Amino acid sequence: MTNPRELDVASLTVWGGEEHYLLDRATQVPVVHSVAFGYPDFEEWYDVATGAAEGHIYGRNTNPTVAVFEEKVRLLEGGEAATSASTGMAAISNMLHALLRPGNRVVSVKDTYGGTSLLFTEFLPAFGIHCELIDTTDTDAIEAAVASGCDLLYLETPTNPTLKVLDLRRLIAAGHAVGATVVVDNTFATPVNQLPISLGADLVVHSATKFLGGHADALGGVVVGREDLVKKVYEYREINGATLDPMAAYLLLRGMKTLQLRVERQAANAMAVATFLESHPKVTAVNYPGLVSHPQHEVAAGQMTGFGGMLSFAIDGGLEAVRRFLPHLRLAHRAANLGAVETTVGPPATTSHVECSPEERAALGIPEGLVRYSAGVEHIDDLLADLAQALDAT
Ligand SMILES: *Cc1c(COP(=O)(O)O)cnc(C)c1O
């Protein structure tokens with residue numbers, strides 16, 4: 001895959017978007033805790049307020065620290081424009097509410113993030129928006145659903161928590177053939193490993209809470225891509241009020257400085273962990289796109305430059321075995337998060353699909369006895385030893 005960015009991703013994570021906002025020769029971006037921005041000159045105030053000149057008016061709309069965060073993600077994803085939100089779900093729901101109208105048809109897949117899935121099954125239908133969720137691995141069926149009419153095609157790859165991989169080139173082409181807006185949740189892959197916009201996607205969304213921030217200390221979301229679409233999302237979010245806080249924006253920015261380093265190590269750790277688990281007698285299944293045994297390994301290799309830090313696996317004995325296994329791990333938070341520097345584990349019922357009932361999880365094809373594993377940046381020998389002793393004790 002060619003790199004459409006001017007600088008390498010490692011350089012952009014460090015330098016991207018910051019220059020304009022450095023203050024009084026500071027080398028670091030300031031956290032601007034200011035609700036409003038003052039203009040002694042009425043003409044200047046008027047120009048900024050009406051959009052004729054650049055600047056900030058009110059903190060619900062824009063903020064300098066938040067603007068640097070948006071610009072850095074925009075550069076990393078190679079999009080025309082970016083706008084942010086208070087969480088990943090705020091970014092996704094604002095985007096959908098801003099772009100969809102009653103009578104519109106959305107096509108997506110069964111394996112989207114639990115919260116996103118509930119938007120499609122519960123909240124959007126209440127506004128007269130038809131959402132059709134197709135089997136994630138049945139590319140022909142997704143194409144057929146799109147061909148029969150689609151205003152917005154929503155994709156997520158790799159998926160959470162079963163790590164299924166969608167063929168982005170094929171599906172983006174299918175969406176554009178019927179004039180649909182194509183959106184990709186790139187949270188799992190990160191712009192280090194996958195660039196949906198370079199493959200033709202109109203918009204990319206992120207839970208910046210995860211890999212972008214990487215330190216499990218700040219919530220945030222972002223929408224990147226076509227300027228006309230991002231503008232609509234911004235105009236809705238500005239009124240909806242789900243604004244990213246400047247302190248959170250700063251923490252996310254600080255985290256992003258090491259995005260490439262972290263993701264590279266997390267992917268190497270995930271690959272080694274997946275390989276180890278695949279040959280362990282107590283492990284019945286391992287889902288990781290980097291494994292040759294992964295059903296969509298070839299597709300993943302064709303659209304990703306690395307396979308990411310996420311995997312999931314099943315232990316012999318189902319949910320009961322998971323219940324026994326988890327307390328034995330020493331180097332893992334048992335928490336509903338992922339993408340952090342610490343290894344983090346949990347079953348779907350308490351993590352990705354905590355918002356869903358057991359019946360809803362079953363309908364989405366999410367096994368209760370799965371363990372989602374977000375590889376941290378620890379030394380791989382320690383992670384493997386920890387898994388080995390925990391499996392032995394199970
Ligand atoms: C966590 C997550 C979200 C939601 O993000 P929040 O920041 O928790 O609101 C959306 N998509 C994916 C793939 C996620 O992992």
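Predicted model: local features only at pLDDT ≥ 70, side-chain atom pairs only at ≥ 80, totals over all residues.
**Entry 1: the ligand**

I started with the ligand and asked which residues come nearest. There are 15 residues around the ligand, and the nearest are Gly 88, Met 89, Asp 185, Thr 209 and Lys 210. Next I went through some side chains with polar atoms facing ligand oxygens. Thr 209 puts a polar side-chain atom 2.6 Å from an oxygen atom of the ligand. For Lys 210, I noted 2.8 Å between a polar side-chain atom and a ligand oxygen. Asn 160 also has a polar side-chain atom by a ligand oxygen, at 3.5 Å. I then looked up how much of the ligand is covered: on its own it exposes 380 Å², and the protein buries 93% of that.

**Entry 2: helix 5**

Is Ser 117 buried or exposed? I found Ser 117 in helix 5, which runs over residues 114-123. Its relative accessible area is 2%, so I put Ser 117 down as buried, the cut-off being under 20%. Setting aside neighbours within four places in sequence, I listed its contacts as Lys 110, Thr 112, Leu 133 and Leu 364.

Then I checked the whole helix. Helix 5 is largely enclosed by the rest of the structure, because 7 of its 10 residues are buried. I wrote those down as Gly 114, Gly 115, Thr 116, Ser 117, Leu 118, Leu 119 and Phe 120. What lies over them? The cover on these buried residues includes helix 4 (88-99) and helix 14 (358-363), along with strand 2 (105-109), strand 3 (130-134) and strand 4 (152-156).

**Entry 3: Thr 13**

I moved on to Thr 13, which sits in helix 1 (residues 9-15). Thr 13 has 1% relative accessibility and so counts as buried. I looked for partners of its side chain and noted two backbone oxygens. The one from Ala 10 is 2.7 Å from a polar atom of the Thr 13 side chain, and the one from Lys 257 is 3.4 Å from such an atom. Lys 257 also turns up in my contact list for Thr 13, which leaves out neighbours within four places in sequence: Lys 72, Leu 76, Met 256, Lys 257, Leu 259 and Gln 260.

**Entry 4: a surface patch**

Phe 42, Trp 45 and Tyr 46 make a nonpolar surface patch of about 370 Å². I picked out Tyr 46, which belongs to helix 2 (residues 42-49). With a relative accessible area of 48%, Tyr 46 is logged as partly exposed.

Terms used. Residues numbered from 1 in each chain as written. Heavy atoms only, no water. Patch = residues over 30% accessible without salt bridge, like charges linked within 9 Å, V, L, I, M, F, W, Y side chains within 5 Å. Areas by Shrake-Rupley, 256 points an atom, 1.4 Å probe, with all protein chains shown as cover. Salt bridge = Lys/Arg side-chain N within 4 Å of Asp/Glu carboxyl O. Helix = DSSP H or I, 4+ residues; strand = E, 2+ residues; numbered from the N terminus. Buried < 20%, exposed > 50% of the residue type's maximum accessible area, 1.4 Å probe, protein only. Near = heavy atom within 4 Å. Polar contact = N/O pair within 3.5 Å; in protein donor to acceptor, adjacent residues only side chain to side chain. Contact = heavy atoms within 4.5 Å.
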